[in-house]
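Here is a briefing on a ligand site. Look over the sequence and the model before reading on.

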Amino acid sequence: MPLRLSEQTLDHAQPGTARPGYVRAACGVGWVHFGPGAFHRAHQAYYADRLLEHDPRWAISAVALHSAGVHDALAPQDYLYCLAELGPEAPVRVIGALREILLAAREPGAVFARLESPHTRLITLTVTEKGYCLEAGGRLDVSHPDVQHDLAVPHRPRSVIGFLAEGLRRRHAGGQSPCAVVSCDNLAENGPTLRAAVIAFAARRGGELARWIEREVAFPRTMVDSITPATDERLLERVEQVTGLTDAWPVQREMFTQWVIEDLPQVRVADWASVGVQLTNDVGVYERAKLRLLNAAHSTLAYVGLLRGHTTVAEAMIDGPLARLVEHLMRGDITPSLADGGVIDIGAYIEATLGRFRNPSVHHQLEQIAWDGSQKLPVRLLPTLTEALAAGRPVERLAVPVAAWIRFIVERARAGGRLTDPLAEQLLVLGRDCTGDPRRDVSRFLALQAVFPARLAAAPAFAGAVSEAYRALSAAGAIPPRLCAAG
Ligand code: CS2
């Protein structure tokens with residue numbers, strides 16, 4: 001039986017393993033992160049790991065808000081874990097950037113101690129769309145049970161918003177230096193959205209705190225990107241084979257990785273350029289392109305692909321009609337919504353994204369992307385639809401992923417299956433109630449105010465296009481041939 005990865009066994013790692021190029025014990029915690037899921041560990045922690053090679057201030061204190069799973073897997077490994085890059089001859093790297101994983105519910109005091117520490121300069125978040133407690137319009141949902149709880153019991157919060165507001169209050173009270181709070185989730189305008197939510201929460205606890213946050217704390221926009229398939233058996237085996245050690249929860253991602261952060265003074269605390277992180281004032285352009293092209297195409301591949309019997313993105317991409325639908329969607333229907341002033345070469349971006357989707361080394365499950373559709377579609381797809389309608393552009397193709405999402409739920413509901421979505425129960429009830437009549441079924445879903453803005457739902461061209469696509473997709477995911485051709 002191979003040894004388990006830890007500080008003690010690290011020296012036994014086989015030569016093909018890249019190890020932390022710094023002394024972990026000599027590093028200080030300067031970074032607090034909420035949500036140590038696979039994406040954080042494959043992305044931001046990788047950049048921290050590289051920063052630590054020449055700057056010992058950036059060890060991470062990670063905070064798990066809900067589940068103890070990652071903590072329990074990594075604590076016996078001294079929070080070391082492997083990151084495998086997916087590609088020909090890609091390396092396996094042991095990441096040493098995590099100093100600890102705190103369990104928010106069990107040890108809120110320890111979380112606050114990190115948040116108010118003078119050494120902490122950076123607070124990042126990957127808590128997924130639903131972690132922000134927002135209402136459909138993107139503002140803080142004050143009626144959310146976690147928000148209500150956190151306003152009543154501020155020193156034992158449940159939500160990340162409650163933790164941030166109380167942590168920043170303590171920083172303010174202790175006269176600490178300003179810091180940057182960086183949302184690394186796929187939200188439109190992620191920085192300003194988080195900022196508004198934290199300020200709205202803080203205002204309910206007193207105007208002075210809200211004003212201080214407004215003045216002193218930076219909430220930069222960011223664009224984060226790297227395709228990160230969930231950990232699977234194949235990865236566990238590969239890690240053991242390459243390193244000669246076992247790791248209870250390694251992570252994997254494609255080799256491509258990108259992080260763009262808004263260039264604000266509070267962000268300029270590390271030598272970001274040295275590790276390939278871009279600081280710019282054009283983040284909005286990158287963010288919109290990524291959400292509207294890559295993420296929207298992903299959701300299309302997921303819902304249409306699952307209806308057509310596929311399991312992974314790479315597999316869905318060798319299905320000719322589906323691949324053509326996605327490419328025309330990106331080039332013909334989404335690109336017109338991306339006037340970017342020439343910051344990005346959109347044609348080249350689409351080409352590169354399609355290439356990433358085709359990568360056969362990346363076994364990215366469509367099922368994983370299909371999670372949380374009620375949270376994702378309003379961010380990655382509906383704004384493009386709204387703008388297309390307002391500009392008088394066609395919406396037939398843009399309506400396909402919406403129809404496929406509905407159809408996917410209907411089929412799950414009929415099969416007695418489960419959904420991973422904060423609205424799962426409501427969606428499954430709606431799905432079970434569908435009769436197969438496109439107009440009727442679609443209109444019931446479009447009435448979901450938490451998902452569809454009222455004006456969009458009421459637009460006859462939109463409802464008509466979704467119903468038409470739904471009708472076609474009901475036959476084993478059939479795509480109308482004209483949608484697979486340019487024009
Ligand atoms: C995906 C994203 O699961 C999903 O919804 O679209 O996680 C995607 O892989 C990342 O945003 C890529 O950076």
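Which helices each supply at least two residues of the shell around the ligand? Helix 10 (283-307) and helix 15 (373-380) do; helices are DSSP runs of H or I, at least four residues long, numbered from the N terminus. This is a predicted model, where local features need pLDDT of at least 70, side-chain atom pairs count only at pLDDT 80 or more, and totals for chains, interfaces and linings use all residues. Residues are numbered from 1 along each chain as its sequence is written, and side-chain values use heavy atoms, without hydrogens or water.

**Shell**
- Helix 10 gives the most to the shell, with three residues.
- Residues surrounding the ligand (a heavy atom within 4 Å) include Asn-186, Ile-227, Lys-290 and Arg-380.
- Domain 1 (3-281) and domain 2 (284-484) both give residues to the shell, so the ligand lies between them; the bounds come from an automatic or database domain assignment.

**Polar contacts (N or O pairs within 3.5 Å)**
- The side chain of Asp-225 places an N or O atom 2.5 Å from a ligand oxygen.
- For the side chain of His-298, the corresponding distance is 2.8 Å.
- Ser-226 uses a backbone N or O atom, 2.9 Å from a ligand oxygen.

**Burial**
- Alone, the ligand exposes 340 Å², and the protein buries 88% of that (Shrake-Rupley method, 1.4 Å probe).

Technical notes: Polar contact = N/O pair within 3.5 Å; in protein donor to acceptor, adjacent residues only side chain to side chain.
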